[in-house]
Amino acid sequence: MSARDSDQVLLLVSLAAALLLTLMPMPEALQAARPHWLVLVIIYWNLEGGRMRLLGPCFLLGLMLDLLSGTLLGLHALALVILCYLLERFRARIRFFPPWQQAAVVLALLVNDRIIHLWVVGLAGEGWPHWSWWLSPLISVALWPWLFLLLDALRRRQRVRKSP
Amino acid sequence: MNAPGSRFEFGPDLAGRTSRLMFYVLLAIILMSLDFRERWVDQARASAGLVTEPLMLLIEWPYQTGARLGEGLRAHRQLLAEARALRLDLARVSADLLVLEELQRENAELRELVDAGQRVDIGSVAAEIRRVDLNPFSHRVLINRGRRDGLVSGQPVVDTRGLVGQLDEVFLHSARVILLTDPDHALPVRIERTGLRTIAYGSGLNAQLRLTDLPMNVDLEPGDIVLTSGLGGVFPAGLPVARVGSVERPVGEAFARAELRPLGRPDRSRYLLVLDRVSGPEDAQELTEELQEALREELLEEQPSTDEDPADSAPTEPDELDEEFDEPAAAAPAPDPSGQQS
């Protein structure tokens, strides 16, 4: 149980950090292509930590992101709920994929997320986004292994410190 | 957040999960349509600002401390040079101000002569753009003034070159500015050279506005200055908005289009000025009454003015109407110089 408790802290910290990183100022040219930190962190916790597996928390996180970034209320929530559903549906399979295949799945999920965004943005009558907007999934996937290793290392360290 | 050993660990329970997905998807869609169609969610957003605002301040904090440290480390000589430059600037500006005061007095006398109402002095609050990136679709920035400084939603925001946008959501210590370039934003404008009134829409691109409903024979050239028209009662009349970049008259379309380059560039300067809203609803009422009167006069007189330029016969009539309509709006303020130097 103590491992789970220590995970809880790390989970909350990593989610908060992801939210903050999403709003971090970036150079104008890279703005549209900012990595989708929150999705990466959620995927990690679902696959490796066995957390964030219910739709409710994902929905709430999405609402939070909407409020913070000033998007249409419910846009990120919708995208995250669908992501969470897909992740949960294929979780057993994805977990035992080799790393490169797992990365491919992450890419697919991120592209799916973009498509949902595009759909809503299209319905709301806003213009087609800049092409660099599609770079975001690629950049996110490039960051995925490092995030994975980082969170894994943090979790292991915390567990070692807690256990004796 | 989720109980360990929930039923997810065992059987797939697909039907239940799918129905829950449908529930959340429906909820999200309802929220989005409420947010998009009506502004019912505004209240919820405002109260959520209590939670989200501290987070935004937290994001900005490292940048602020960084800037403060940088200031502390800056060389003495550099500061002196800057102070000298600023003093020169101040001298120049106060000379300008003298001329302006003279003009103001003259204006007041003239106003007394024609028995017009006193010009309203526009108050302003200086603000700095917070270093927080919001989403790439909406063109919005966050500034470091809020309800505590007496700001309310809808106030116009300018920088030293021109109009930038208007306040959208106001939190306690910060406010969100919706920029002119936001695809949701429409601004009533007037072409300075011809006096033509139209509406400038945000394009969603940086540094570009669009005029989409111009008549084909419109007298508009690249380089023309576009000002606010003061209609709509949100923006004072006569604020510089943009310069016309290009005009195209696509074959087979009903309207000509023009592309504007906004003069105010919030991506270049970090300091903005929030102006007071000038005309309340009473002014709008006055305007409409004035307009109706003008219309009635126009109908009574029925002057045959078409012989002046037969090519433009269609747009002249509404233009003349607008001229009379505009008088009270133009009389109210000419705020840009006084606003900038206060």
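Author: Along its sequence, chain A runs α-α-α-α-α-α-α. Helices here are DSSP runs of H or I with at least four residues, strands are runs of E with at least two, and both are numbered from the N terminus. This is a predicted model, where local features need pLDDT of at least 70, side-chain atom pairs count only at pLDDT 80 or more, and totals for chains, interfaces and linings use all residues. Residues are numbered from 1 along each chain as its sequence is written, with chains lettered from A and ligands numbered from 1 in the order in which they are written.

Reader: How many helices and strands are there in chain A?

Author: Seven helices and zero strands.

Reader: Is α2(A) buried or exposed?

Author: Ten of its 13 residues are buried, so α2(A) is largely enclosed by the rest of the structure. Buried means that 20 or more other C-beta atoms, placed from the backbone, lie within 10 Å of the residue's own. Among them are Trp37(A), Tyr44(A) and Trp45(A).

Reader: What comes just after α2(A)?

Author: Gly50(A), with a positive phi of about 70 degrees.

Reader: Switching to chain B. Which strands close into a barrel?

Author: Six strands, in the order β6-β7-β8-β11-β10-β9, with antiparallel pairing. Strands pair if DSSP finds at least two bridges between them.

Reader: How many bridges between β6 and β7 of chain B?

Author: Five, joining residues 186–191 to residues 197–202. Val189(B) stands opposite Thr198(B) there.

Conventions
Buried ≥ 20, exposed ≤ 12 C-beta atoms within 10 Å, placed from the backbone.
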